[in-house]
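Welcome! Please take a moment to look over the sequence and turn the structure around on your screen before reading on.

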Amino acid sequence: MAASCVAASELLQNMKLISGFYPKASCVIRRISTTNARCDGQAQPRAKSAPQQLVGVVGLEIHAQINSSTKLFSGSSVRFSAPPNSLVSLFDASLPGTLPVLNKRCVEAAVMTGLALNCTINRKSLFDRKHYFYADLPAGYQITQQRQPIAVDGMLTYSLLGGKKRSQVIRKNVQIKQIQLEQDSGKSLHDDVRSQTLIDLNRAGVGLMELVMEPDMSCGEEAAAAVRELQLILQALGTCQGNMSEGQLRVDANVSVHRPGEPLGVRTEVKNINSARYLARAIDYEIQRQIDVLQRGGTVQNETRAYDSKSGETIPMRDKEGLQDYRFMPEPNLPPLIVYEDNASLPTGIDACQAVVVQKIKEGLPELPSVKRDRLVQTYGILPEHSFTLVNEDGLVEYFEEALKATKKEPRKVIGWVTNELLGHLKQQDLSVSQSPISPSALAELLELQETGHISSSVAKQVFQEMWRSSGKTAQQIIQEHDLGLVSDTTQLHSICQKVVESHPDEVHAIRNGNKKVLNKLMGLVQKETKGRADPVLVRAILQEKTS
């Protein structure tokens with residue numbers, strides 16, 4: 001993230017100190033151990049005389065890059081890793097006399113995001129200038145929405161997997177204070193060898209949605225789960241690609257600790273965290289650090305910190321004690337942003353194609369991740385953790401449902417193949433679902449052959465491996481080429497089973513004495529002899545006959 005973004009977010013935080021960042025309403029709290037800052041699913045029993053434990057309080061500010069082909073106020077293209085300063089208009093460079101032209105796509109994306117997060121969409125919102133100086137901010141101010149943002153008072157519902165087996169779905173809520181439109185700054189490239197800083201303005205003016213979450217979380221695990229859920233929602237909507245490694249989703253965490261019932265503690269801001277995993281680690285470390293400081297009799301400083309992923313620690317960047325003056329003022333070159341409830345509310349003479357209509361956007365909302373997970377569990381009877389796996393991988397739900405249509409195999413059996421075999425191979429080779437060499441229909445054909453008894457489960461996995469290596473070959477072709485069909489010849493199987501029984505008298509004796517589990521060992525030996533091609537039902541029947 002550009003250093004100017006750091007300065008901008010830091011100054012915005014200081015302004016929020018005026019009105020108070022934390023609401024008076026009680027927030028979700030979890031007991032934080034002084035040796036382990038992980039969330040507990042339920043409060044632990046505590047002796048009445050024991051002092052209350054310090055608990056963490058976490059709020060997030062997230063900058064989501066709007067998925068648009070052009071910037072917020074200019075026609076310049078948006079493209080990651082383009083040659084430096086190749087996507088810069090005269091307005092982006094802040095040349096005198098240039099004026100902003102609002103991108104309708106960015107407004108619609110913000111409205112759609114607000115609706116998905118249960119926000120109130122302000123029919124009238126305003127743009128402001130937020131003044132501060134940094135080299136990659138050519139105008140000396142950022143156009144944002146400080147006074148009246150486009151969406152307010154929302155709610156994000158996210159889920160955690162808890163319980164002894166991590167299979168119980170625990171739902172939690174975090175309030176969304178506001179969503180505001182604003183422009184990104186450029187990027188400073190520091191050349192330590194030549195002791196100089198170079199400026200790339202390709203990102204200057206790119207449209208952002210800043211989502212401000214209230215401090216309703218208590219640890220890193222909750223914050224990471226909320227960010228992952230938001231990421232899935234944005235991707236489902238198509239309003240943000242959510243690629244954190246490319247800076248499309250950037251997270252700042254506000255962290256403090258206090259004892260329940262007492263005023264909230266002094267908070268620190270951990271800046272520029274670029275993965276959900278690092279976010280969880282940074283928050284938990286910072287909660288524990290603040291607890292340690294207070295238990296030693298020290299004072300937590302109101303400061304900005306960074307997370308060092310190598311050491312796993314947060315490190316101080318600068319203090320926030322001094323209040324910055326952004327000199328906010330109305331943006332004189334942009335009129336109020338007006339959105340309309342429906343076509344009937346459009347004033348006479350307004351072209352519906354040029355207006356942003358909330359009802360039209362609402363009708364186009366896709367199925368959201370939480371709804372999709374619930375539907376998968378209820379429709380197919382799969383486990384909740386499997387629904388999380390399906391939804392978390394782009395295109396995996398569609399793959400699973402398409403495969404199901406072409407096979408009579410139970411959904412719970414199909415899900416095992418999709419989440420274990422298919423997803424395991426994709427992860428191993430760093431491929432997306434859309435790049436899978438095995439199509440849903442091809443996988444369904446393989447599963448149908450297994451389901452109808454043409455091949456055993458072990459052979460099915462062999463065929464899957466061959467299908468992965470030999471893209472284009474069907475399961476039936478591979479089975480014929482390698483003669484992998486089930487051995488159903490009773491005479492041949494009787495001969496093999498007799499050989500196994502005669503060579504393992506101890507096992508036969510154990511079976512005849514009532515240890516029926518040993519029969520599985522003999523079955524495994526028969527399958528080894530037939531290279532996994534023996535009909536297991538037939539083999540069991542023959543072995544039971546010969547060992548009775």
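This is a predicted model: local features need pLDDT of at least 70, side-chain atom pairs count only at pLDDT 80 or more; totals for chains, interfaces and linings use all residues.

| Helix pair | Axes come within | Crossing angle |
|---|---|---|
| H3 (residues 220-237) and H4 (residues 276-295) | 8 Å | roughly 155° |
| H8 (residues 396-405) and H9 (residues 411-428) | 10 Å | roughly 135° |

How are H3 and H4 oriented to each other? Their axes cross at roughly 155°, and angles over 145 degrees count as roughly antiparallel, so H3 and H4 are roughly antiparallel to each other. The crossing of H3 past H4 is right-handed. On the H3 side, the contact is made by Gly 220, Glu 221, Ala 223, Ala 224, Val 227 and Arg 228. On the H4 side, Ala 276, Arg 277, Leu 279, Ala 280, Ile 283 and Asp 284 take part.

Now turn to H8 and H9. Their axes cross at roughly 135°, and therefore H8 and H9 are oblique to each other. H8 also passes H9 in a right-handed crossing. From H8, the residues Leu 396, Tyr 399, Phe 400 and Leu 404 meet Pro 411, Val 414, Ile 415, Val 418, Leu 422 and Leu 423 of H9. This contact of H8 with H9 has ten nonpolar residues, no polar and no charged ones.

**A hairpin of two strands**

Next, find strand E8 (residues 187-191) and strand E9 (residues 196-200). The two strands run antiparallel and are joined by five bridges. Asp 191 stands opposite Gln 196 in E9. Between the strands of this hairpin there are four residues, and Ser 195 takes a positive phi near 55°.

Finally, look for Asp 92, in the loop between strand E1 (55-65) and helix H2 (104-116). Is Asp 92 buried or exposed? Its relative accessible area is 6%, and because under 20% counts as buried, Asp 92 is buried. Leaving aside residues up to four places away in sequence, Asp 92 touches Lys 71, Ser 74, Ser 76, Leu 87, Pro 138 and Ala 204. How far is Asp 92 from Leu 201 in sequence and in space? The two are 109 residues apart in sequence, while their C-alpha atoms are 7.4 Å apart in space.

Terms used: Residues are numbered from 1 along each chain as its sequence is written. Side-chain values use heavy atoms; hydrogens and water are left out. Axes are lines fitted to C-alpha atoms, for helices over the stretch in contact, and angles run from 0 to 180 degrees between N-to-C directions. Angles under 35 degrees count as roughly parallel, over 145 as roughly antiparallel, 65 to 115 as roughly perpendicular and the rest as oblique. A crossing is left-handed if the near helix is turned anticlockwise from the far one by less than a right angle, and right-handed if clockwise. Contact means heavy atoms within 4.5 Å. Two strands pair if DSSP finds at least two bridges between them. Buried means under 20% relative accessible area, exposed over 50%, partly exposed in between (1.4 Å probe, protein chains only). Ala, Val, Leu, Ile, Met, Phe, Trp, Tyr, Cys and Pro count as nonpolar, Asp, Glu, Lys and Arg as charged, and the others, Gly among them, as polar.
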